[in-house]
Amino acid sequence: MRARVAERATGRRRALCVVLVLLAVQLGWLARPAYACGCGAMVHGPNATMAVHHETSAVRWDGTTEQIMMSLTVDGNAPDAAWIMPVPHRATVRLGHPELLTELGRLTEPVTEHRSYFWPRSGDWPFEWSFGGATAPAPGARAPGVGVVGRERLGPFDVARLTATDPEALRNWLKTNGFQLPPSLAEELRPYVTQRWEYVAIRLAPAERHTYLTGTLDPLRLTFASERLVYPMRLSRLARTPQSLSLYLLAPHRMEPHSAIGGASPQVLYAGRIRPLGAVRDFSGAGPAFLTALDQSFPEPRRISGDHEFRRTAADTPYQRVTYAYSLLEVGGIPLWIPTVGGVPLLLVAATALAVGHHARRRAAPPAPVRVPPPLG
């Protein structure tokens, strides 16, 4: 008896240890910071967590100038954070129009086509008895190997435009402003330093003190010169969680990426020439533009091989998604199959009655007289 009790106690202790180990692993996973978002590095303090759930950007390119308006949806317990985005040339930064992405979403949503069916389906009668249905501290002014081109305050954002000749110096500059950055960030910045790109470093904090950065952040609009349509993605290799990206590309023609750069194949959600109105017109200009909407996921961010580069497609073929709404054919609120099916027996009864009556009349009629011709001569 005592051996059995001891064995049960040992089993409980083992089960408790397994639960504690699994809990520790889970908590350790949740505590990992998401160091990168789709087009730049999102960094924060060492004792905070932040995850970028989704990134949506509108990109306009006219052949010489590119504009990017980006909106991030984040979650975590970070009271403030910084966002670093490389750009090929010097950029200007200002707040974006909050209605732009909403209007682009309406333009690219699927169209609905209505279709009818005759026979009842699941959910129709008789299958169912119904016929219907806080302020962040400012960045430091200068550090060896880092130049501050400009700095401005835009709503909750403190924006610094930087140049750097040394990726480690850029990392140190950011670190002195209160953020413990992963050592791998300097290595990922090295290709941009080699190409003499510049950087937009943004400090952001909630509007109210003692609150966390969460939800959809205010959009920012960056403008810079570019001979090609490019969307920086290399820093996303540092992300610890899967990333998703939505892009609205406004250009003279339909655009497509050169490659998937290590993510899933981009999905085309919309392609067509539009005449911009409202916030879309403010962003892209008054003239006609070709709008291409793309969605892409990156299940394993470490596989990202570089920046997105886009090219013109062979033809400006339009595309729009279609959803079908099906409904049961009705006449006066009554499903058409009911009078149709109910009328068939009536027709059979009527046809049978006519046949029987015709046969009865033939039997009741007297036999026709037989006429014999007179004999010849």
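Predicted model: local features only at pLDDT ≥ 70, side-chain atom pairs only at ≥ 80, totals over all residues.
Local features required pLDDT of at least 70 and side-chain atom pairs counted only at pLDDT 80 or more, while totals for chains, interfaces and linings use all residues. Residues are numbered from 1 along each chain as its sequence is written, and side-chain values use heavy atoms, with hydrogens and water left out.

Strands (E, at least two residues) and helices (H or I, at least four) are DSSP runs numbered from the N terminus. Strand S8 (residues 146–154) pairs with S9 (residues 157–164) in the antiparallel sense, over eight bridges; pairing requires at least two DSSP bridges. Arg151 stands opposite Ala160 in S9. Two residues separate the strands of this hairpin, where Gly155 has a positive phi near 60°. Seven of the eight residues of S9 are buried, so S9 is largely enclosed by the rest of the structure. Buried means under 20% relative accessible area (1.4 Å probe, protein chains only).

A nonpolar core joins buried Ala, Val, Leu, Ile, Met, Phe, Trp, Tyr and Cys residues through side-chain atoms within 4.5 Å. The largest has 32 residues; Val200, Leu220, Leu222, Tyr231, Leu249 and Phe310 touch the most other members. Strand S14 (residues 243–251) supplies the largest share of this core, four residues. Another core, of 19 residues, lies apart and includes Leu170, Leu174, Val193 and Ala201.

Helix H4 (residues 184–194) buries Leu185, Ala186, Glu188, Leu189, Tyr192 and Val193. These cover an arc of only 160° around the axis, which puts them on the same side of H4; the arc is that of the directions from the helix axis to the C-beta atoms. Arg196, with a positive phi near 60°, follows H4.

Technical notes:
Buried < 20%, exposed > 50% of the residue type's maximum accessible area, 1.4 Å probe, protein only.
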